[in-house]
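Me: I have a model open and want to talk it through. Can you take it step by step?

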Amino acid sequence: PTSSETSGCFHALGHAAMYLTEANVKRSIQFCHKAGNSNPDFFYNCYQGLFMQIFQPLEEEDRQLVAKIKPKTQEEAVNFCYKYTGYQKLTCLNQMWPLFFKQFKDPEKLDTYCKYYDTKDRQQCYATAISILTSNLKLDVNLMLNYCSKLTHPLPGECLGQSAGRM
């Protein structure tokens, strides 16, 4: 399998773990770690699926699964994610973006979301937000040129590079 196929498989395992454990995050994290066989790339993608299941439920059964644990506000989401460390915290923060999307659509408010990341991970936050924004703005080059031109951090060129990579 390609690395993309492998990543997708482990991501799907994270979603599945939440179903298999009836949304028990601790057990799902343990499952991801074991399934990833101590390979950070594998369990990172599994954690992404696990936390995506919480913050981005798509179907009614998904919403019911996480109803008791899903944070409803930005503050609840940050507190929820800060219970974790390392890759678990990072992937949780990555997946809480829907609660911050309205703010980071404004380039001046991108840090409303990214300020919760550890300094060493802030660049990843910018990349995640810009990738999400590019997709949600229907891959509109002119909108992204305008957005990126208003940023000071990340630099407009970095923003455009990330956006182009998403397209």
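This is a predicted model: local features need pLDDT of at least 70, side-chain atom pairs count only at pLDDT 80 or more; totals for chains, interfaces and linings use all residues.

**Core, surface and confidence**

Reply: Of the 43 residues in the largest nonpolar core, those touching the most other members are Val25, Phe51, Ile54, Phe80, Met96, Phe104 and Tyr113. Such a core is a set of buried (under 20% relative accessible area, 1.4 Å probe, protein chains only) Ala, Val, Leu, Ile, Met, Phe, Trp, Tyr and Cys residues joined through side-chain atoms within 4.5 Å. Helix H3 (residues 40-55) gives the most to this core, eight residues. Helices are DSSP runs of H or I, at least four residues, numbered from the N terminus.

Me: What is Phe104 in contact with, leaving aside neighbours within four places in sequence?

Reply: Trp97, Lys109, Leu110, Tyr113, Ala129, Ile132, Leu133 and Tyr147. Contact means heavy atoms within 4.5 Å.

Me: Where is confidence lowest and highest?

Reply: Lowest in H11, at a mean of 85, and highest in helix H5 (residues 74-81), at 98. The mean pLDDT of the protein is 92.

Me: New topic: where is Thr112, and why does it count as partly exposed?

Reply: Thr112 is in helix H8 (residues 111-114). It counts as partly exposed because its relative accessible area is 23%, and the partly exposed class lies between under 20% (buried) and over 50% (exposed).

Conventions: Residues are numbered from 1 along each chain as its sequence is written. Side-chain values use heavy atoms; hydrogens and water are left out. pLDDT is the predictor's confidence in each residue, from 0 to 100. Helices (H or I, at least four residues) and strands (E, at least two) are DSSP runs, numbered from the N terminus.
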